[in-house]
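Biologist: I'm new to this structure and would like to learn how to read it. Could you walk me through it, one feature at a time?

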Amino acid sequence: LKKAVDDASTEVARLEAAQKGAQTAFDADDSRLKGEADAAADNERIESAKKEEVALCEQAVEECSTEKDEADQAWNEAETVHKEALAGKGATDTKSVSEQLAAHKDAQRTARATLKKCDAKQSALEKRREQAAELASKYASSAKGLKKAFSACEEKVSKCQSKVDEHSATSPGDADALQRQAKELSQKARECSQRAQRTEAQLKARLKFDYEHPGKGFDAEKVRGVLASLVTPCDGKYAAALEVVAGGRLYQVVVDDEKTGKALLERGQLRRRVTLIPLNKVRAGRLDDKRCARASSVAKKAGGSARIALEFVGHEEHVKNAVEYAFGGALVCDSMDVARAVAFDSGVKARCVTLDGDVCDPRGTLSGGSRSGNLGACLGLVVALHQQQSEASEASQRAREACALADASAKHANELRTLTSALGVATAELTAAREELEASDAGSAVVKLETLDKELQQLEDDRQDALKTDEES
């Protein structure tokens, strides 16, 4: 601070000298210019030259005036710094020098008092430690066993606690909540399964085909069943149209060959009259691709669509001939107008059926009107059964997953209870070992020695802090 005051004083003196020099030069130039102006009053040439010289002098005077202003500003700034230096404050200080010195002195007095206390307490603790060390040395052999047992208990508690913490962090969720969820999903799965079973029973009642085994050499696997049970409409909205397309063929029985069919008719003791469809003999009679393309084009112009009925029927590959036989000869259209336009087109000439089951036949017949309540019911049940079976399968899968998660959660909870119990036992053993250690003379000496070592270490830390504070102050 003293150096800063001296530097500021020197700078002030230099600026005052510069100011006086500039003022003297200004006065001299002004006096000289006045004399020369009087002398050159009668000589125009001399007057012009003097005017130029006067202009230069005026510029010099202006520059001197600017330097004077800058010197005044520097003087004011230096004077401010000088005053702050005298007051003992820096740019970032909020206390004066005297206040700062007082605070440092208080910190130094506190630190030195702490050092004195530490030295006194250290001396007393060292004497007590020597006594405790002698006593611990005396009981060293007997204390070793107790200390070893105590350390073993501590390690056991630490391991048990780590296992409990690790197991708690991997919990799959609340066991009770997961059990409730599993129960709800299982109930839903049962309801879906029961609904599918009821629909299946209704369908079987409609499509029931009973026969007696014809005898030796007959392969029952070659009897595929009623055609309606072998197909699946892609959507329930096409059920009515598809039933009309197939007509009575929908309820005919599919067999692999005519030999199987003959055995059923002769020795199967059938309870009702049936028509059989031998897969190796049946002729599909499917509309060719050219007529189907023409139908689609005509329908598009009429503002709708027309597609072969086969496109809306799912089936296994081995019954393909029977399905084409029943559904391959007709088209499904959006409306009667579209059906009429397609059916009578010269490039199509095919039977067309609307989604409502109305028929337009190129042979000249139209059928429609009031719709029967049973129209589409059979294939509608097929669609519903497949949907319900899919829902039941998905619900069962979710229920199984939920049950597995609930079981895992319950198992996890049991394991956690076992680990927690083991931790409690280990903690009790540690408490007993500590009490035994502290109750014995040997253990008491060891514990006392360890306690004194900790106190001495803390004391040394306090002493080092006090020394650091004293040095800084």
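**Reading the model step by step**

Modeller: Happy to. The protein chain has twelve helices and ten strands. Keep in mind that this is a predicted model.

Biologist: How much of the protein chain counts as buried?

Modeller: Of its 473 residues, 31% count as buried. As for the surface, the chain exposes about 29,500 Å², and carbon and sulfur atoms supply 49% of that area.

Biologist: And what share of the contacts join residues at least 24 apart?

Modeller: Take the contacts between residues at least 6 apart in sequence: 71% of them join residues at least 24 apart.

Biologist: Let's zoom in on F327. Which residues is F327 in contact with, leaving aside its neighbours within four places in sequence?

Modeller: Quite a list: V231, L242, V245, A246, L250, I308, A309, L310 and V313.

Biologist: Now L230, which lies in the loop between β1 (223-226) and β2 (231-233). Is L230 buried or exposed?

Modeller: The cut-off for buried is under 20% relative accessible area. L230 has 19%, so L230 is buried. Not counting residues up to four places away in sequence, L230 touches R224, G225, V254, G314, H315 and V319.

Biologist: Can we try one in a helix? I picked S409, in helix α11 (residues 377-439). Which residues does S409 touch?

Modeller: Beyond those up to four places away in sequence, S409 touches P172, G173, D174, A175 and L178. Its relative accessibility is 2%, so S409 counts as buried.

Biologist: What about aromatic rings? How do I describe two of them together?

Modeller: A pair of aromatic rings is described by the distance of the centres and the angle of the planes. This structure holds three aromatic pairs. In one, the ring centres of F209 and Y211 are 5.5 Å apart and the planes are at 35°, so the pair is tilted. Y211 also pairs with F218, and that pair is edge-to-face, with 6.2 Å centre to centre and 70° between the planes.

Biologist: Which residues do these ring pairs link into a cluster?

Modeller: F209, Y211 and F218. Check their accessibility too: F209 is buried at 16%, F218 is buried at 13%, and Y211 is partly exposed at 24%.

Biologist: One last thing. Where does the charged end of R249 sit?

Modeller: Over the ring of Y325, at 4.0 Å from the ring centre.

Notes:
Residues are numbered from 1 along each chain as its sequence is written. This is a predicted model: local features need pLDDT of at least 70, side-chain atom pairs count only at pLDDT 80 or more; totals for chains, interfaces and linings use all residues. Side-chain values use heavy atoms; hydrogens and water are left out. Contact means heavy atoms within 4.5 Å. Helices (H or I, at least four residues) and strands (E, at least two) are DSSP runs, numbered from the N terminus. Buried means under 20% relative accessible area, exposed over 50%, partly exposed in between (1.4 Å probe, protein chains only). Accessible areas come from the Shrake-Rupley method with a 1.4 Å probe; for residues, only the protein chains shown count as cover. Rings of Phe, Tyr and Trp (its six-membered ring) pair if their centres lie within 6.5 Å; planes under 30 degrees apart count as stacked, over 60 as edge-to-face and the rest as tilted. A charge sits over a ring if NZ of Lys or CZ of Arg is within 6 Å of the ring centre and within 35 degrees of the ring normal.
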